[in-house]
Amino acid sequence: MSMPLLKVNDLRTHFFTRDGVAKAVDGVSFSVEAGEMLALVGESGCGKSVTAFSILRLIADPPGRIVGGEIMFEGRDLLKLSDTEMRAIRGDRIGMIFQDPMTSLNPVFTIGEQIAEAVSMHRPVSRKAALARAVELLELVKIPDPHRRVQEYPHRLSGGMRQRAVIAMALACEPALLIADEPTTALDVTIQAQVLELISELKDRLGMGVIIITHDLGIVAQHAKRVAVMYAGRIVEQADVGALFQRPLHPYTQGLLASIPRPHVKSTDRLTEIPGMVPSLNDMPAGCSFAPRCPRAIERCKASAPTLDPVGNARKVACFVARQELAA
Amino acid sequence: MTPLVSVSGLEIHFPTRHGTVRAVDGVDLEVNAAETVGLVGESGCGKTTLGKSILRLVNPITGSIRLNGIEISTMTRSELRPLRRQVQMIFQDPYASLNPRHSVGRILEEPLIVHRIGTPAQRRERVAWLMSKVGLRPDAARRHPHEFSGGQRQRIGIARALALEPKLIVCDEPVSALDVSVRAQVINLLADLRKELGLAYLFISHDLSVVEHVSDRIAVMYLGRIVELADRATLWTKPLHPYTQALISAVPVPDPKSATRRLILEGDLPSPLNPPSGCRFRTRCPIATELCAREDPALRTLAPGHQVACHHAS
């Protein structure tokens, strides 16, 4: 089998604060193939965004530092590159989209200038050619009337249009990998549908690998091929989307899936709750970090932390109880 | 039976430098005692403004707001004060809606002080009761909001809304800022309180699956108007307005096997400063005709309890 496009191995990103070391990402491994969409899901503070920022080497130091692991991308370990080499990859081979389209655009430059900048940063083209490419890109992301829009400032565009402009910028150099961090969280539901459809379509058309970071399991089910569920800095379960939704193995995944309201469930039925809350990263329980909230925890879970081990085909889970049941 | 709250012909306008925004533009809605009415729509459709108007936090230009049959839209502040106890509100952001300088005990006591209820000792007792009702330990009353998580803060907001024994609580996106696992806890808490205390809710949210879960009836708003109103099962299974249909099909279903044919709306919400002529939805509507540009569709009753504002719905 050929090398995956991206292979993250035992990544550890820690934040050194006055209150101690926060292990925001603590031993995360996964891979992404060209042309596939991997979803990283989890609740706030689980480390999904820090994982993305680590791949791009955008962790502010201090207080953060990548303290271990490797990130193999197109045959090179990104963690071993110089800042200059990394800058050549960002925005060229790896594109990124962030949650809030307004703060990722500069309010004092036109949309066209900003997309053109992304192009000329990495390609030896004239200003005119870069601007022409900007129009092409706006057309690609289906912004109506791109010749006019290219000259407009971000505030003149609606939220959905701005996020399209940000996507256009991310795609400026036809990246091999696109990282989308909660790309539709700030958008209305009908606009969200448009933007997600667009990302899926562009992934197929350009053969990009996509990492989509989201807390919305509905988006995962409808758009991703594989999914990694994160909890408190670790991946607790990894599977193909179909398998995960059909039979979640980790008690946290089971809890998450049971807690979302679904159509056609009687409103008198209570939703399943996950008791308690996410532990503080400065004060992690010994053993499995989910054990204090886990309905199925046994003694062993409190003593040692389970590793993410393969169970069956293309599937991994970090849970003693789940593995025991599968073995039985 | 008189409905608990009845709004009719309500219009709320906000004058701006660029013209008048008709945030609520002719809305009729009733909420009965012990009933949950869901109000859904996208940002800027007027759902929050409508909710606030029931507490008279914004004042209508025209139209009537009746509380137990009593007209409150024209009352003065002092006339209104005794009635305010009956309607309370829960806000979206549990970080911004609690005073960071007050202890939780003080925050929960404040409505009782404002309405001159009880002696200090009775009030403290009431605060302890409120905290236990929402699943917080009463000894946490001395702590300040920053010492609580988002979900716990939302519980404090709920306890404050319950302090005056209201009949109706306007819940404005009460779980939108919360994580999935905590969201279920708060939704269940609201359901338990409703059952125990016989509360009515006006539940405002952009999240159709949450609204569908909690509501008895659901109203869908678009650009200042209610475009469809029905009981929850009917709205979800037989939506008649093309906007409702698009909204439902846009909700990402947490099931990879549901290969629903998605009806994706083109374009953006038009500016509320300058809504389209005739039907406001026609610029994004897949079935719009020339009639829709000319004539504004009225909310018609097509089946008992099912109202739709569309020329082509039947």
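Which residue stands opposite A:Gln238 in strand 12 of chain A? The residue is A:Lys316. The model that shows this pairing is a predicted one. The results below begin with each chain as a whole, then turn to the sheet, the contact between chains and selected elements.

Chain A contains 12 helices and 12 strands. Its radius of gyration is 21 Å, close to the 20 Å that the globule rule gives for 328 residues, so chain A is as compact as a globular protein of that length. The C-alpha trace of chain A spans about 65 × 50 × 45 Å along its principal axes. Buried residues account for 50% of the 328 residues in chain A. Contacts in chain A were also sorted by separation in sequence. Among those between residues at least 6 apart, 63% join residues at least 24 apart.

Chain B has 10 helices and 12 strands. A compact globule of 314 residues would have a radius of gyration near 20 Å, and the 20 Å of chain B agrees with this. The C-alpha trace of chain B spans about 65 × 50 × 45 Å along its principal axes. In chain B, 45% of the 314 residues count as buried. Of the contacts in chain B between residues at least 6 apart in sequence, 63% join residues at least 24 apart.

An open sheet of eight strands is present in chain A. The strand order is 6-7-8-3-9-10-12-11, and the pairing is mixed. Strand 6 (94–97) and strand 11 (309–310) of chain A are the edge strands, since each pairs on one side only. Strands of a sheet pair through backbone hydrogen bonds, either parallel or antiparallel. Strand 10 (residues 234–240) and strand 12 (residues 316–317) of chain A run antiparallel. Two bridges join them. Within strand 12 of chain A, A:Lys316 lies opposite A:Gln238.

In helix 12 (residues 320–327) of chain A, the buried residues are A:Phe320, A:Val321 and A:Ala322. Their cover includes helix 11 (299–303) and strand 12 of chain A.

The contact between the chains takes 39 residues from chain A and 34 residues from chain B. Several helices of chain A supply at least two residues each to the side that touches chain B. They are helix 6 (159–170), helix 7 (189–206), helix 8 (217–223), helix 9 (241–246) and helix 10 (251–259). Helix 7 of chain A gives the most to this side, with seven residues. By class, the side of chain A that touches chain B holds 18 nonpolar, 14 polar and seven charged residues.

A:Leu137 sits in helix 4 (residues 127–140) of chain A. A residue counts as buried if 20 or more other C-beta atoms lie within 10 Å of its own. A:Leu137 has 27 other C-beta atoms within 10 Å, so A:Leu137 is buried. Leaving aside residues up to four places away in sequence, A:Leu137 touches A:Ile115, A:Ala168, A:Leu171 and A:Ala172. A:Ala116 is 21 residues from A:Leu137 in sequence. In space the two are 9.9 Å apart, C-alpha to C-alpha.

Helix 4 (residues 120–133) of chain B has 14 residues, which should span 20 Å at 1.5 Å a residue. Its end C-alpha atoms are 20 Å apart, in agreement. The buried residues of helix 4 of chain B are B:Val127, B:Leu130 and B:Met131. They cover an arc of only 95° around the axis, so they lie on the same side of helix 4 of chain B. These buried residues pack against helix 3 (104–114) and helix 5 (150–162) of chain B. On the other side of helix 4 of chain B, B:Ala121, B:Gln122 and B:Ser132 are exposed. B:Gly135 follows helix 4 of chain B and has a positive phi, near 80°.

Strand 6 (residues 87–90) of chain B has a different pattern of burial. B:Val87 and B:Met89 point one way from this strand, B:Gln88 and B:Ile90 point the other way, and all are buried. Strand 6 of chain B pairs with strand 7 (residues 168–172) of chain B in the parallel sense, over four bridges. B:Cys171 in strand 7 of chain B is the bridge partner of B:Ile90.

Definitions and conventions. Residues numbered from 1 in each chain as written. Chains lettered and ligands numbered in written order. Predicted model: local features only at pLDDT ≥ 70, side-chain atom pairs only at ≥ 80, totals over all residues. Rg over C-alpha atoms; globule rule 2.2 N^0.38 Å. Buried ≥ 20, exposed ≤ 12 C-beta atoms within 10 Å, placed from the backbone. Contact = placed C-beta atoms within 7 Å. Nonpolar A, V, L, I, M, F, W, Y, C, P; charged D, E, K, R; others polar. Pairing = 2+ DSSP bridges. Expected span 1.5 Å × (residues − 1). Arc of directions from axis to C-beta.
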